[in-house]
Amino acid sequence: MFILLEYRQGNRVRPAYRNSYHMDQYQYDIIVIGCGSGGLSIGLSMGTMGFRVLMVSRSDRDIGGECLNDGCVPSKSLIYAAKSAHHAKQAQQFGLSLTGSIDIEKVTAYITNRQEKIRTHENAAWLREQGIDVALGEGFFVGKREIEVNGTRYTAKKIVIATGSSPTKLRVPGVENVTYYDNENFFELATLPKRLLVVGAGPIGMEISQAMCRLGSDVTLVSHGKRALPHDDEKVTAVLVKRLEKEGITFHFGAEVSHFISPNEAVVVRSSGNAQHVHFDAVLVAVGREIRLESLRLKNAGIAVTDNKIKTDAYLRTTNKHVFVCGDVAGSLQFSHAAEFHARILLNNFFSPFRKKLRNDHFSWVTFTDPEVATFGLNEEALNARNISYTKLDHRFKDDDRAVTDDYQYGRLILYLSSKNLVGKQRILGGTMVAPNAGELVQELILANSQGLSINAIFNKIYPYPTASRINQAAIIKWKSEGLGPLAKRLLHIAYKVFS
Ligand SMILES: Cc1cc2nc3c(=O)[nH]c(=O)nc-3n(C[C@H](O)[C@H](O)[C@H](O)COP(=O)(O)OP(=O)(O)OC[C@H]3O[C@@H](n4cnc5c(N)ncnc54)[C@H](O)[C@@H]3O)c2cc1C
Ligand SMILES: NC(=O)c1ccc[n+]([C@@H]2O[C@H](COP(=O)([O-])OP(=O)(O)OC[C@H]3O[C@@H](n4cnc5c(N)ncnc54)[C@H](O)[C@@H]3O)[C@@H](O)[C@H]2O)c1
């Protein structure tokens, strides 16, 4: 029933018609507060269907949200620049000689240029061309179905809050004296910090640490957690950490910055109590996200908040039945595609009597380090918690021909398979991979997982040799052949005698 617009691909959309059926009691059919990944998905889809849509953004530059302005797009552009530099250095083993060093201003210019390309279809004028009204300013509630922006009030049948999240600040003594970055100012770097201290080993800390190390910074990473990427499989993240250590990053896990002695010196204390001094020129803080709700004046709309989170039901509906949440502000998984997924659920529920709940059982994410870490479906903890029986495949890449030619024999794929059902069908319940381009390699596994396909869909597929994704089939073939018992082998021998 609904069309989810692929706005990031720059499709031009014009409403096929403006709806003739107006709910004149309200100025708009829908108001969306926040024009990031979630808000744009909802607003553009509703606009395409001819509904009267008002989108609210703090400013024109804020359209595109964190993903375009301070998140995915600048970080992936930075990673691309760093990867190019890394590959050039790698080519020295084949006789190429390199001179010179990275010009960070050129890297920053590249990042800005990529953002501007996307901004051509993520800005107020473009949205208005699509027939969507845009109000620029901080939006807040003044009633159950009414908001105010810059002194003007607007009403709508439904309102969606898609206001995102903000970086958690590091609050330790002396922090006010250091050169402090988080994702909101990091991508405008004017100079390359010679020594960069990164706090936090989540996806931001890991992706940016590697990129900056490859661009020439001496990177030290300090993280509370005992390991990197706490939401991914430990065995897989250990492979990544080993690779990054080889590239020159120093890790301090189970540790925190207790205080800064000077603008260039931090005291790092391990959970054992041992303290160590770390010297740096700049600090990048990536210790998670906060949801800021004060400015929305939610009380005016009867929207309840618990533990600084908007109270919602499984359908992303707040305690005000006309108001919904979408994206990071929902306080669930915080990714651009999670925000798009929320938008799909809301759009479905706006138009269908068969309402969908938010369920993350088939969700996936990728950390864009090199190698990438890709995770999808249910992990071991979730399977055990739900008492689901499973078989675990732990497949190494050491004998994979493509891993040999392209030098990534360290790769690893973990898959969780269901038990056979009554007709002998086995499904992929979840998995994780660490390898170059793992995010692309697992796509067929994600399809099998989300569509409930049998593992035979992978087993029977003909893969061109030597595509990297043959590893998915290799894991299943290896497991099936190891499972051949004496009886099965005997039957095969008999069949061979009889039929050949
Ligand atoms: C460095 C970094 C890298 C990332 N990389 C990835 C990645 O590779 N892949 C991925 O899937 N995710 C990634 N993410 C996460 C992703 O950026 C977010 O999950 C996503 O942008 C959230 O979208 P959203 O629509 O919920 O919120 P946002 O994109 O934050 O949009 C919210 C918008 O609402 C506006 N707003 C807030 N309050 C108001 C108000 N009262 N009135 C008007 N406007 C308001 C804000 O200014 C903002 O423009 C990354 C994040 C960071 C920080
Ligand atoms: N590739 C991607 O999809 C991608 C990339 C970047 C960000 N994101 C999204 O953005 C979110 C935020 O990323 P993030 O990396 O900031 O957060 P995170 O919550 O994922 O990780 C925070 C890290 O900081 C550590 N930490 C917390 N407090 C600390 C302290 N005081 N001292 C030292 N370490 C501390 C934690 O142990 C953890 O390692 C992610 O959860 C993800 O949803 C996604």
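**Sheet and ligand shells in a predicted model**

Mentor: This is a predicted model. Start with strand S9, residues 195-199: it runs parallel to S10, and five bridges join the two.

Trainee: What makes S9 and S10 a pair?

Mentor: Pairing takes at least two bridges. S9 and S10 have five, so they count as paired. Within this pair, Leu196 stands opposite Val219 in S10.

Trainee: What packs on the sheet there?

Mentor: H6 does, touching S9, S10 and strand S15 (282-285). The direction of H6 makes about 165° with that of S10.

Trainee: What is the strand order of the sheet?

Mentor: The order is S8-S15-S9-S10-S11, an open sheet of five strands with parallel pairing.

Trainee: Why are S8 and S11 at the edges?

Mentor: Strand S8 (180-181) and strand S11 (250-253) each have a single partner strand, so one side of each is left without a neighbour in the sheet.

Trainee: How do you know which residues surround ligand 2?

Mentor: The C-beta atom, placed from the backbone, must lie within 6 Å. For ligand 2, 24 residues qualify, and Gly200, Gly202, Pro203, Gly225 and Gly288 are the closest. H6 gives the largest share, four residues.

Trainee: What classes make up the shell around ligand 2?

Mentor: That shell has 12 nonpolar, nine polar and three charged residues.

Note on methods:
Residues numbered from 1 in each chain as written. Chains lettered and ligands numbered in written order. Predicted model: local features only at pLDDT ≥ 70, side-chain atom pairs only at ≥ 80, totals over all residues. Nonpolar A, V, L, I, M, F, W, Y, C, P; charged D, E, K, R; others polar. Contact = placed C-beta atoms within 7 Å. Axes fitted to C-alpha atoms, helices over the stretch in contact; angles between N-to-C directions.
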